[in-house]
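Try each task yourself before you read its solution.

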Amino acid sequence: MTQDFAVEASGLVKTFDGKRAVDGVDLMVPAGTIYGVLGPNGAGKTTTLRMLLGIIDPDEGERKVLGQSQPLRAAGQIGYLPEERGLYPAMPAREAIAFMGALRGLPLKEGRRRADALLQAHGLGEAAHRAIRTLSKGMAQTVQILGTLVHGPKLIVLDEPFSGLDALNQGRLEALIREQAATGATILFSTHVIAHAERLCARIAIIAGGRVQFEGSVDDARNHLKPKVTLTTRANDGPWRTALPADTRNENGSWIFDLPDGGIEPLLAALIAGNAGIEALSIERPGLHDAFVAIAGEAAGRAMDEVAEALP
Amino acid sequence: MIAKLRAALVIARRDYVATVWSRTFILFLIGPLFPIIFGVIFGAIGSRIHQDPVIPVIGVVANGDDAHRLQQARTRLAQHFGDGAVPYLQVVTPDGDPVKQRKLLLDRPNVAVVLSGMPGHAVLTGSPNALKEQGDIVRLMLQRDVALEMIPIKRSAIGSSAGVVETKDVGRTNLARGGQLTLLILTMILAGMLLSNLIEEKSSKVIEILAAAVPVDAIFFGKLMAMLGMSLTGITVWAFFAVGGVAVLAPDKLMALAVPAVGWPAFIALGVVYFIASYLLLGSLFLGIGSQASTVREVQTLSMPITMGQLIVFALASTAVEDAGSLPAGIAALFPWSSPFAMLARAAQQPEIWPHFLAVIWQMLWVGLIIRVGARMFRRSVLKSGGSGGLWKRLRGR
């Protein structure tokens, strides 16, 4: 384990009521990256994040966050947005942000000063002295996100940050995440929505059934599947057919098969030599969703789709 | 440790400010006024309905001739002022222990004072108020009786004569009981507020934000401190208005209070210390057990056995008032949850200070232990991922 990693975890296990919620999770989050944890509901994402933050202790395994094996010792350098948003309803927005900073060691006076600046910068200047209960859901969520960032954390952990946000606010949050990453902060977030991870993350972990099924870059995940080739020919049959891979299938008059290991060129040569009459040829790289289904299974993929559809 | 303390202070400050700077706190402060106002209203209605005034009775311990002369004096006064204006006499002949005889007479219905020691050394025994109210009429009866000539009356006020020890004891017993009851009410109301505070935190989901930033022990301690601060604020305000109100409206009632055996300053200081100990012992238990609950209903269900247990503890501590040397009183002084009550009663009744030092050390040891146990329960159950399903599911699962 080196200091190049903001988060290092190996063999994390957590059991609730005899059921293993997390079953040997390993995670290595490089410092300064945006790292996504993908998985359906009940996969163990939240429990893993809570263990990494020291909210709960693992039954087995080791974790190190910003070089600390006791994560709470690094609490002043960590920002955390839980999945279930929580703010004191009667607290003014400015005080809520300053309070969250004070919990992480930021003096209240400085917290209030930064809160004013952050609220102003995010178009909520007029809401600074309004109680949280009087704000719209989106505004309250923004306040909580600003409270997560007010003390300038090196590691920002966001549990399902996009849930409950409309498209406009999702876009704003994506921009904010990129902005924080640009300052050198490490962003670790969990999500149901593969598209967010695909757009934002340098690296991802796919968790299903309490285990990490895949850990690596988004490209590595995609490489789990071979690119799909779709070929349309004028001739329906001929000696060139023997050049097509064995798993080729015909859908609506097009030949569909995985890109052969040797590349497309030998196949093209055979098709031309056999007068197949190539009308159309496309090679499509699989998306992260397909890779997720291939890695985590059809059931996990369906669960992710259902949650993504339920989101605003 | 310093980081934990700092974190606890951040939480305590937030909770304290949020509680004290709210409109509901004003209601909380004026809450105790309602029973007083209703008491005064119903008391006034009751006194109007009750048209027949109770004529006080003077107990007389005297031989036949002395008693007869006094009775004649009373009759002459009644002819002059009217029968209802002069207290009746209830005469008993001297028999054995005069102190015991006076006490028995005072225990009879409507007997306000007891006159004894005639003819040479007349002594009037009763509470200071009764002595003040009946002293003049007794003096008048004795002066009107030429056969008795001018006999000086010794007024035996509470605490001023060894001969009326039993009267002084009654006052201190009442003070001990009152102190215990006040302690019980304050502890139960204020420690119970911790639960509602915890529920607010759980329902607003803030608890996870707190637990991710500071050790759970600091959350637990911060909450205890905040509610303790709020309680002491409330108690200070109530005490200020209660003492001020009585001092302005009925100063004689304040003066009539029996002086606690350890003296007022030590009694008040010990009262504060025993309240803090009692509050922390009960509050830690409430927080620890309350953290197991996931709904308000569960919290209410859980708080019921604790409340009942506290009443049993109070009943145990009451035995210390009746007989401080008894075995139950000793158990009450030792058992951590009843110890503050038993020792407060002792402070009212017995002058030694040193047992209180021992008791405070003993209670603080328990406070430390219970806070640790409560914090551990809190840490283990306040945040359980994976949908634990609440207390009942957990209980069934075990």
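**Exercise 1.** Find how much accessible surface chain B has and what share of that surface belongs to carbon and sulfur atoms.

*Solution.* Keep in mind that this is a predicted model. Start with the total: the accessible surface of chain B is about 20,300 Å². Next take the share, where carbon and sulfur atoms account for 68%. Then turn to the residues: of the 398 in chain B, 44% are buried, that is, under 20% relative accessible area.

**Exercise 2.** Check the span of helix 1 of chain B against the expected one.

*Solution.* Now look at burial along helix 1 of chain B: among the buried residues are B:Ala7, B:Ile11, B:Arg14 and B:Asp15.

**Exercise 3.** In what order do the four strands of the open sheet in chain A lie?

*Solution.* Reading across the sheet, the order is 11-12-10-13, with antiparallel pairing. At the edges, strand 11 (249–251) and strand 13 (278–284) of chain A each pair on one side only. Neighbouring strands of this sheet are turned by 25 degrees against each other on average, direction ignored. Zoom in on strands 10 and 13 of chain A, which are joined by six bridges. A:Leu231 stands opposite A:Leu281 of strand 13.

Conventions
Residues are numbered from 1 along each chain as its sequence is written. Chains are lettered from A and ligands numbered from 1 in the order in which they are written. This is a predicted model: local features need pLDDT of at least 70, side-chain atom pairs count only at pLDDT 80 or more; totals for chains, interfaces and linings use all residues. Side-chain values use heavy atoms; hydrogens and water are left out. Helices (H or I, at least four residues) and strands (E, at least two) are DSSP runs, numbered from the N terminus. The expected span of a helix is 1.5 Å times one less than its number of residues. Buried means under 20% relative accessible area, exposed over 50%, partly exposed in between (1.4 Å probe, protein chains only). Two strands pair if DSSP finds at least two bridges between them. Axes are lines fitted to C-alpha atoms, for helices over the stretch in contact, and angles run from 0 to 180 degrees between N-to-C directions. Accessible areas come from the Shrake-Rupley method with a 1.4 Å probe; for residues, only the protein chains shown count as cover.
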